[in-house]
Amino acid sequence: MGLAAEREPKRSPHRCDCGQAFDVCYLDDRRDPSRDGDPVTVDVSCPGCGRSRTFTVPIGAERTVTVEASESEHEDLVDEGGGG
Ligand SMILES: [Zn+2]
């Protein structure tokens, strides 16, 4: 791991029709943003209802897209995943 600078993923906040707020995160892999190509569309699934939504990201970033549910005002955290 010789990368000097950590790249911080870009986050785009969205809200689904179901009310679930989530962030679409992606890494902008473009070396020369000024020479970038056309944006591409990706399909992301709402973490709340699973509905597929179309999102536009810079070309090359579509491979790094992740969806993170925005932290809601729930007080009790739900532990997800992990061993059973
Ligand atoms: Zn939804």
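How many helices and how many strands are there in the protein chain? There are zero helices and five strands, where helices (H or I, at least four residues) and strands (E, at least two) are DSSP runs numbered from the N terminus. The model is predicted, and local features are described where pLDDT is at least 70, side-chain atom pairs count only at pLDDT 80 or more, and totals for chains, interfaces and linings use all residues. Residues are numbered from 1 along each chain as its sequence is written.

**View 1. The protein chain as a whole runs β-β-β-β-β from the N terminus on.** Of its 84 residues, 7% count as buried; a residue is buried if 20 or more other C-beta atoms lie within 10 Å of its own, exposed if 12 or fewer, and partly exposed in between, with C-beta atoms placed from the backbone. Among contacts with a separation of 6 or more, residues 24 or more positions apart account for 45%, a contact being two residues whose C-beta atoms, placed from the backbone, lie within 7 Å.

**View 2. Three strands form an open, antiparallel sheet in the order β1-β2-β5.** Strands β1 (10–15) and β5 stand at the edges, and because each has a single partner strand, one side of each is left without a neighbour in the sheet. From one strand to the next the twist averages 30°, based on axes that are lines fitted to C-alpha atoms (for helices over the stretch in contact), with angles running from 0 to 180 degrees between N-to-C directions. Two strands are taken to pair if DSSP finds at least two bridges between them. By this criterion β2 and β5 pair in the antiparallel sense over four bridges, while six bridges join β1 to the antiparallel strand β2 (residues 21–26).

**View 3. The hairpin of β1 and β2 has five residues between its strands.** In the turn, G19 has a positive phi of about 100°.

**View 4. E68 lies in strand β5 (residues 66–69).** E68 counts as exposed because 12 other C-beta atoms lie within 10 Å. The bridge partner of D23 in β5 is E68, and these two residues, although 45 apart in sequence, are 5.2 Å apart in space, C-alpha to C-alpha. Leaving aside residues up to four places away in sequence, E68 touches F22, D23 and C25.

**View 5. P9 is placed in the segment before β1.** P9 counts as partly exposed because it has 15 C-beta neighbours inside 10 Å. When residues up to four places away in sequence are not counted, P9 touches C25, Y26 and L27. P9 and V65 are 56 residues apart in sequence, and their C-alpha atoms are 9.2 Å apart in space.

**View 6. Strands β3 (residues 40–45) and β4 (residues 52–57) run antiparallel and are joined by six bridges.** Within this pairing, V40 stands opposite V57 in β4. The hairpin of β3 and β4 has six residues between the strands, and G50 takes a positive phi near 80° there.
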